[in-house]
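Hi everyone, thanks for coming. Let me put today's structure up on the screen, and then we can walk through it together.

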Amino acid sequence: MTEPAASMPPADTPGALARWIVGVGASAGGQAPLAAFLGACPRGAGLACVVVQHLGADHVASPVAMLQPHTALTVQEASDGLRPRADHVYVLRPGTEVRLEGGRLRVAPPQGGDRSHPIDVLLHSLALELGPAAAGVILSGLGSDGAQGLRSIAAVGGRALVQQPD
């Protein structure tokens with residue numbers, strides 16, 4: 001995805017396409033770091049965040065309801081075919097994975113079965129689609145999901161960030 005065309009409204013205009021798409025991965029215990037990260041994301045920067053959390057299929061609280069109080073950005077569920085908009089956070093429902101293809105979010109059941117790495121899937125797709133404009137952030141967790149995706153982003157010159165354990 002490249003910078004919006006000149007005929008597009010500026011990124012701080014409601015409904016504008018995002019200039020920057022950041023993939024954010026967190027474990028089920030990563031609610032506090034995720035809320036802090038999203039709370040620090042400013043409106044009007046042209047930013048969209050796509051959040052992948054490791055939540056069980058039996059998780060009852062809505063990810064949208066859990067995150068909206070912590071950010072000035074609009075939080076909504078990711079849906080297939082959606083074009084990421086500025087000042088939005090897109091969250092997945094459990095049991096799905098998301099990738100960016102052709103400037104649109106593609107939401108589907110995991111292709112890796114029990115061995116699925118949904119954070120890697122998202123981050124790798126951002127690296128392929130956005131090149132050096134890709135950004136990935138990993139918050140909390142002890143597993144390896146996200147490590148390969150961050151390597152993909154770093155390999156194309158994008159930004160790869162990891163939360164320090166302390």
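So, of the 166 residues in this protein chain, 45% count as buried. Please keep in mind that what you see is a predicted model. The secondary structure comes to four helices and eight strands. If you trace the chain along its sequence, the pattern reads β-α-β-α-β-β-β-β-α-β-α-β. And contacts reach across the sequence: among those with a separation of 6 or more, 63% are between residues 24 or more positions apart.

Let's go inside. In soluble globular proteins, nonpolar side chains tend to be buried together. Here, the largest nonpolar core has 23 residues. Ile21, Val50, Tyr90, Val98, Leu105, Leu123 and Leu126 are the ones with the most contacts inside this core. Which elements each supply at least two of the core's residues? On the strand side we have β2 (47-53), β5 (97-101) and β6 (104-108), and on the helix side α3 (118-130) and α4 (147-155). The biggest contributor is α3, which gives six residues.

Take a moment to find Leu126. Setting aside its neighbours within four places in sequence, Leu126 is in contact with Ile21, Val22, Gly23, Leu100, Gly131, Ala134 and Ala135.

Now to a pair of helices, α3 and α4. How do their axes run? They come within 7 Å and cross at roughly 10 degrees. Angles under 35 degrees count as roughly parallel, and α3 and α4 are therefore roughly parallel to each other. On the α3 side, the residues that meet the partner helix are Asp120, Leu123, His124 and Ala127. Across from them, α4 brings Ala147, Gln148, Gly149, Leu150, Ser152 and Ile153. Sorted by type, the residues of this contact are five nonpolar, four polar and one charged.

Last topic: the charged pairs. How many salt bridges are there? The count comes to five.

Let's start with Asp87 and Arg43, whose closest N and O atoms are 3.9 Å apart. Asp87 sits in the loop between β3 (74-77) and β4 (88-91), while Arg43 sits in the loop between α1 (31-39) and β2, so this pair ties together parts that are 44 residues apart in sequence. Are these two buried or exposed? Asp87 is buried, with a relative accessible area of 7%, whereas Arg43 counts as partly exposed at 48%.

Next comes Glu77 with Arg93, at 2.9 Å from N to O. Glu77 belongs to strand β3 and Arg93 to the loop between β4 and β5, so the bridge ties together parts that are 16 residues apart in sequence. Glu77 is partly exposed at 38% relative accessibility, and Arg93 is partly exposed at 41%.

Then there is Asp80 with Arg106, at 3.6 Å from N to O. This pair links distant parts of the chain, 26 residues apart: Asp80 is in the loop between β3 and β4, and Arg106 is in strand β6. Asp80 is partly exposed, with a relative accessible area of 48%, and Arg106 is partly exposed at 29%.

Finally, have a look at Glu97, Arg99 and Glu101, which are linked in a network of salt bridges.

Note on methods:
Residues are numbered from 1 along each chain as its sequence is written. This is a predicted model: local features need pLDDT of at least 70, side-chain atom pairs count only at pLDDT 80 or more; totals for chains, interfaces and linings use all residues. Side-chain values use heavy atoms; hydrogens and water are left out. A nonpolar core is a set of buried Ala, Val, Leu, Ile, Met, Phe, Trp, Tyr and Cys residues joined through side-chain atoms within 4.5 Å. Buried means under 20% relative accessible area, exposed over 50%, partly exposed in between (1.4 Å probe, protein chains only). Contact means heavy atoms within 4.5 Å. Axes are lines fitted to C-alpha atoms, for helices over the stretch in contact, and angles run from 0 to 180 degrees between N-to-C directions. Angles under 35 degrees count as roughly parallel, over 145 as roughly antiparallel, 65 to 115 as roughly perpendicular and the rest as oblique. Ala, Val, Leu, Ile, Met, Phe, Trp, Tyr, Cys and Pro count as nonpolar, Asp, Glu, Lys and Arg as charged, and the others, Gly among them, as polar. A salt bridge is a side-chain nitrogen of Lys or Arg within 4 Å of a carboxyl oxygen of Asp or Glu.
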